[in-house]
Amino acid sequence: MHTGRITDAQAMGYRRMLRDHLPDPAAPEAGCRLCHLPGCADYRYAFHSLAVAGRSTAVDAPPGE
């Protein structure tokens with residue numbers, strides 16, 4: 001988990017992780033599409049890492065945000 005600055009490449013990786021672990025919109029209670037767990041730990045890790053570093057948590061954010 002990051003507590004400070006992250007590079008643009010790291011931010012892109014975390015956003016890819018967010019996108020890969022988004023809950024299935026057809027059945028959000030089923031959890032993420034990869035591990036099928038509600039409250040996926042990988043999703044929370046990526047989201048928190050971006051948020052702590054002050055980066056956008058939007059999966060389609062442009063590089064540098």
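Tyr 43 and Phe 47 lie four residues apart in helix 2, so about one helical turn separates them. Helices here are DSSP runs of H or I with at least four residues, strands are runs of E with at least two, and both are numbered from the N terminus. The model is a predicted one, in which local features need pLDDT of at least 70 and side-chain atom pairs count only at pLDDT 80 or more, while totals for chains, interfaces and linings use all residues. Residues are numbered from 1 along each chain as its sequence is written, and side-chain values use heavy atoms, with hydrogens and water left out.

Rings of Phe, Tyr and Trp (its six-membered ring) are paired if their centres lie within 6.5 Å; planes under 30 degrees apart count as stacked, over 60 as edge-to-face and the rest as tilted. The count under this rule is two aromatic pairs. For Tyr 43 and Phe 47, the ring centres are 6.3 Å apart and the planes are at 20 degrees, so this pair is stacked. Tyr 43 is partly exposed, at 25% relative accessibility, and Phe 47 is also partly exposed, at 36%. In these terms, buried means under 20% relative accessible area, exposed means over 50%, and partly exposed lies in between (1.4 Å probe, protein chains only).

## Overall form

The protein contains two helices and zero strands. Its radius of gyration, taken over C-alpha atoms, is 12 Å, close to the 11 Å that the globule rule gives for 65 residues, so the protein is as compact as a globular protein of that length. The globule rule is 2.2 Å times the number of residues to the power 0.38. Along the principal axes, the C-alpha atoms fill a box of roughly 35 × 20 × 15 Å.

Of the 65 residues, 25% are buried. A contact means heavy atoms within 4.5 Å; among contacts between residues at least 6 apart in sequence, 53% join residues at least 24 apart.

A nonpolar core is a set of buried Ala, Val, Leu, Ile, Met, Phe, Trp, Tyr and Cys residues joined through side-chain atoms within 4.5 Å. The largest such core has seven residues: Ile 6, Ala 11, Tyr 14, Leu 18, Ala 46, Leu 50 and Ala 53. At least two of its residues come from each of helix 1 (8-20) and helix 2 (41-52), and helix 1 gives the most, with three.

Arg 15 belongs to helix 1 and is buried, with a relative accessible area of 3%.

## Cysteines without disulfides

A disulfide is a pair of cysteine sulfur atoms within 2.5 Å, and the count by this rule is zero. The closest cysteine sulfur to that of Cys 32 is in Cys 35, 3.1 Å away, which is too far for a bond. Cys 40 is likewise in no disulfide, the nearest cysteine sulfur, that of Cys 35, being 3.5 Å away. Cys 32 is buried, at 2% relative accessible area, as is Cys 40, at 5%.

## Pro 38 in the loop

Pro 38 is located in the loop between helix 1 and helix 2 and counts as exposed, at 58% relative accessibility. Apart from residues up to four places away in sequence, Pro 38 touches Glu 29, Ala 30 and Gly 31. Its C-alpha atom is 23 Å from that of Ala 11, which is 27 residues away along the chain.
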